[in-house]
Amino acid sequence: MTALEESAAGAARTARPGRAAHPHGAWRTALARPLGRVAVAYLALLVVCSALAPVLAPYRPTATDLDHILSLPSGAHPLGTDALGRDVLSRLLYGGRTSLVDAALAVGVGMAVALAAGLLAGYFGGWLDRGFTWLVDVMLAIPVIVTLLAVLAVIGNSMSAAMIALGVLVAPGIARVVRGATLAVRNELYISAARVSGLPHRHIVVRHVLPRVAGPVLVQASLLAGGALLMDAGLSYLGLGARPPAPTWGNMISEAAGVIDRQPWLLVPPGVVLGLAILAFGLLGDVLRDTSAERTTRRLAPARPVPVTGRKVVEPTTALLSARNVTISVPGPDAPVRVVEGLDLDIGPGECVGLVGETGCGKTITARSVLGLLPPGAAVTAGSIRFDGVDLATASRATLTGLRGTRIAMVFQDPGTSLDPVVTAGRHVAELVRRHHGGSRARVRARTMELLRSVGFPEPEQVAGRYPHQLSGGMAQRVAIAMALAGEPRLLIADEPTTALDVTVQAGILGLLRDLQRDNDMAILLISHDLRIIATMCDRAYVMYAGHVVESGDVAGMFRNPAHPYTDGLLRSAPRRATPGEHLTAIPGTVPPPGSWPVGCHFAARCLLATDECRAAPVPVARLRPPRRTRCLHFDELSGGRA
Amino acid sequence: MWRFIGRRLLVSALLVFVVSFLTFLLQAVTPGDTARMILGYNYTPEAYHELRARLGLDQPVLVQYVHWLGNALHGDLGTSPISGVSVASEILKRLPVTLSLVVLATAVTALVGVGLGVLGAVRGRGTARLVDVLSLGGYALPNFWLALVLVTVFAVTIPLLPATGYVPLSSGPGRWLAYLILPVTTLVLQGVAVFARHTRDSMRDVLSRDFVTMLRANGIPERSIVFRHALRNAAIPTVTVAGLTFIGLFSGTVFIESVFAMPGLGGLAVQATTSHDLPTIQGVVVVFTVIVVLVNLAVDLAYGWLNPKVRVS
Amino acid sequence: MTGPLLDIRDLRVRFPGRVRGRRTVVTAVDGVSLSVDEGETLGLVGESGSGKSTIGNAVLGLVRPTSGSVWFRGENISRLPPGRRRELGRVIQVVFQDPYSSLNPSRTIGQTLGEPLRHAHRLPRRVADARVRDMLRQVGLPADAVGRYPAEFSGGQRQRIAIARAFVLEPRLVVCDEPTSALDLSVQAQILNLLLDLQREHGMSYLFISHDIDVVRHMSHRIAVLLGGRLVEQGRAATVTRTPRHPYTRSLLGAVLPVVDPGDPTVANPETVRTTLPPPAPGTVADAAWGSG
């Protein structure tokens, strides 16, 4: 029966406790969902009806009426009668009592054992955990059903014994889930902080760990309850457990099986009631899992492109890439939320252009929009991105796919995750070489080796056979760069290419990028939060803040004499130029999140120069001495505005 | 790798010992008495003592176990006190029935499950919802009930297929298959949706990873991403699911073989349980355990073969 | 009391681990000796895998040393019974890197801050509440933060909360494990300023761990440079950064790309810009190389 294996297999998915704000409300959130409510209502109904069976049942469950056998539902017998003329409804109600009590027993035993073992092993670790893992591995290979049969063969017909045995046999699988969840919580830094504060283990387990594993535990309990009901019915279907004429759902099905050629209807009532009960437990488990994993399935309003009105004429430009007035929106709870507004950006052939800004300023999504790789629901809602005479913002999927790799390529932040773990470095590059150039095997191979050599592997054959996990971060990033070069792109977008690397490795990768740019006459759009990297690498740069490009221009001039208070503040925040131990000139306040941007200047709330004028209306971009521009009304109060 | 297999086998052997010993132990600590259960209510003290002696129940449990173990190592799992037949030969006779049922069912489940799973991950809503509904059905409906419904429809109402029984492959593949269709369908219905759901979840997981964006950004077409990259990665967790499915369906035969009156291991286990035939049920438990262990080993090997991280070490 | 506040003697920490999939013993810290005086900040700088965080964890009692010892105020704290170890929580505290994982998302800020006071150190509720409110004020958070959950705060604010939790016990030593590495530059400056203010006011010592040599130099009196679990250089901050002796230290300093000179001192600036610019920081070769980009 897969119900039980399912609960074990689901372990991987439930093992991680969610980052829900109030996970102790898992039940409450589950009840807020219609499906959860229906499931709980059905189960509650079953429990109440079974408990009140003596009151509710129209007949005694064993009362035979040989004049009315195998009848279909009627007024006297709402669900018909069986081969001995016994009332099916009454038997169902009485049968439910046995089944539910049995299931409760299995759940009680199983969860008690699993919770204790899983919490101890997960929290304390060490030899306790090793012993636990070993034991669980062994126990999981015990075939549950035949072992239950063996128990029944030895002990005789005792369903209680079978259910206790069931609880014990499935406990290891559940304990492993509990251990996984506990381990995940235990590795959270707040547990370390609590230990450092001198809180006793008991307090930490009860107050910090238990509430966070409650979600997965409830899921498992729910799945186990369904599995136990199924097993209970199955065993009594086989004639084990309560002896006829005492009714159980299982033996009702087996009695029905004897007369399927005469009255197939009899299969329906016990099958449906039992199936719905198991389904309800399963649904409850699913809903609980969803809420405790906090997969936000709230329907978000997707963004749609708005037809651009006016300004259709695109000025002929020598730029390779030219973005005009680009606005990007992502799905929000009520309406789409704008994350980039009115962005203008140009990249000339062979030029290295920087896009700099802090977390959430919109720089990464801007880069992705160029390749048509926006996340689901996000869209360029206004403006144009022209590349080679094509507007990438409105281009078809086929056009974009055709451009990717051959005209525009991209490398990403984390080299550890940007390679396919089951494919070797060489195959990664070769696949792209074949895709972009084709040719014989030997030619593809030769070109692959050439590319690997060009990104700094003197002996490419050695690297080509390695899998990603055998490469260091710096090596993996070089392989990723080789992949991006395979189609000889005119523009390479590098999104924080060195952020995940150690500083000494960083320098090597940046040097490589600069060499490649020079040797291949390839333009680079370098995205970084690190001013130091932008300053060394780029000719020109765009500074983004809260969805706006606030300042742009040549790096030398802009960073020496900023013309926007944000650029100025960022430069001053860096500790390098400050006196050690003295206060740094910090920018006060925090970045406003998308969706709560002010009408006027987005930086106004944190700016010492801000006036009412700044807050009243959107601030236009002012052109200073080319190529410098700033989105500030008071640029003349800054050094860059006067220069 | 060989060390890993060796250790795994060692643990497995130990497990078989433990499980078989537990059944002996259970017998010793329970108040009931197997001889009495077999004899029923009316028996003479002589018959009782004679049966106990014949079953070896008059000796200490440990002695009984060592005796059993010694024989088991030589392939002798004892003799059924009920039928007087050798347990090992009975099991060997029935094993092919159960294996053909389970192997066929697992293969179909895996094929359909992977197909539906990939569709669900790539095509989105419609297929995904179908898989959800199917998987809830497969999860909730007891397989023996489902089997009875199938029998009612396809054997009783429309007499297309035989309702019960089994013929060996040697009497013709057509006939063999005809007898297997309903039981296999039942098992597939039970397992396929869970399989599809796991495949879909792992495909979705892989497709949302960074390296997929990386491949897309550099011009790898979608078809290649799905079949060459995502499927290979998703295959790793799916192998585990396939193993679990096999084990689940294998256990499911206990019920299915009863419904279809098939002369397999599952049916044997049920018979042995109702007649308190301890040597037989012990033999079945041991064989089941060995098969579970072998499947797990196969899964581990496949896992290592698919996952370079494991393979290299 | 004479002698340093914290004294680490010949510390070694080994873990069972995996290198390229093979099981081995990883030596995270290999014979490190360090000391921190009262009111002093010792900066620990190194790249990933240098063992800097393991040293911090050994001081905090989260990791058991394989050999060597950690002394605090003349007491060997590396092998303490759990009860005594818990008492040390009052004097040794920590601020971690990740402000998301370091606060329990299901507990209010008040609960998180009050917990050690009430449950570990048995202060009455009223005293504890007052201390919590006072601490929140000191780190620049509104008093109503007490009843709110971590999810309602930004990364920088969360790090203020984590700092408040560490300081509410009035510790003598705070291990700052990459406290600003997850933060943006402009927020980093705020947090560093806060840490400097708190030290100035309360006079506690910091063991300041970071991979960013600029940040370490700014915060520390003395700096220790780690490479592969070993100490390669230690000394006064200015000495180490100005005249590094070990080639690794030089490569760390050299690898830091030049930062731009904010504002030209020859141009008079209005209020946003301090009229007197800080004196030139200890110059590095990289700074001088800054030119046209």
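1. Which residue in β4(A) is the bridge partner of A:A323? In this predicted model, the residue of β4(A) that bridges to A:A323 is A:I385. The two strands concerned, β1 (residues 321-330) and β4 (residues 379-387) of chain A, pair in the antiparallel sense, and seven bridges connect them.

2. That pairing belongs to an open sheet of four strands in chain A, whose order is β2-β1-β4-β5 and whose pairing is antiparallel. The edges of this sheet are formed by β2 (337-347) and β5 (390-391) of chain A, each of which pairs on one side only.

3. A helix accompanies these strands: α14 of chain A, covering residues 363-370, lies across β1, β2 and β4 of chain A, and its direction makes an angle of about 115° with β1(A).

4. Turning to chain B, the secondary structure consists of 13 helices and zero strands, so the description here rests on helices as defined by DSSP runs. The C-alpha trace of chain B spans about 85 × 55 × 40 Å along its principal axes. Among contacts in chain B between residues at least 6 apart in sequence, 72% join residues that are at least 24 apart.

5. As for burial and surface, 51% of the 313 residues in chain B are buried, while the accessible surface of chain B amounts to about 13800 Å², with 68% of that area belonging to carbon and sulfur atoms.

6. On charge, chain B carries 22 positive and 14 negative side chains, and a separation of 16 Å lies between the centres of the two sets.

Methods. Residues are numbered from 1 along each chain as its sequence is written. Chains are lettered from A and ligands numbered from 1 in the order in which they are written. This is a predicted model: local features need pLDDT of at least 70, side-chain atom pairs count only at pLDDT 80 or more; totals for chains, interfaces and linings use all residues. Side-chain values use heavy atoms; hydrogens and water are left out. Two strands pair if DSSP finds at least two bridges between them. Contact means heavy atoms within 4.5 Å. Axes are lines fitted to C-alpha atoms, for helices over the stretch in contact, and angles run from 0 to 180 degrees between N-to-C directions. Buried means under 20% relative accessible area, exposed over 50%, partly exposed in between (1.4 Å probe, protein chains only). Accessible areas come from the Shrake-Rupley method with a 1.4 Å probe; for residues, only the protein chains shown count as cover. Lys and Arg count as positive and Asp and Glu as negative; His and the chain ends are not counted. The place of a charge is taken as NZ of Lys, CZ of Arg, CG of Asp or CD of Glu.
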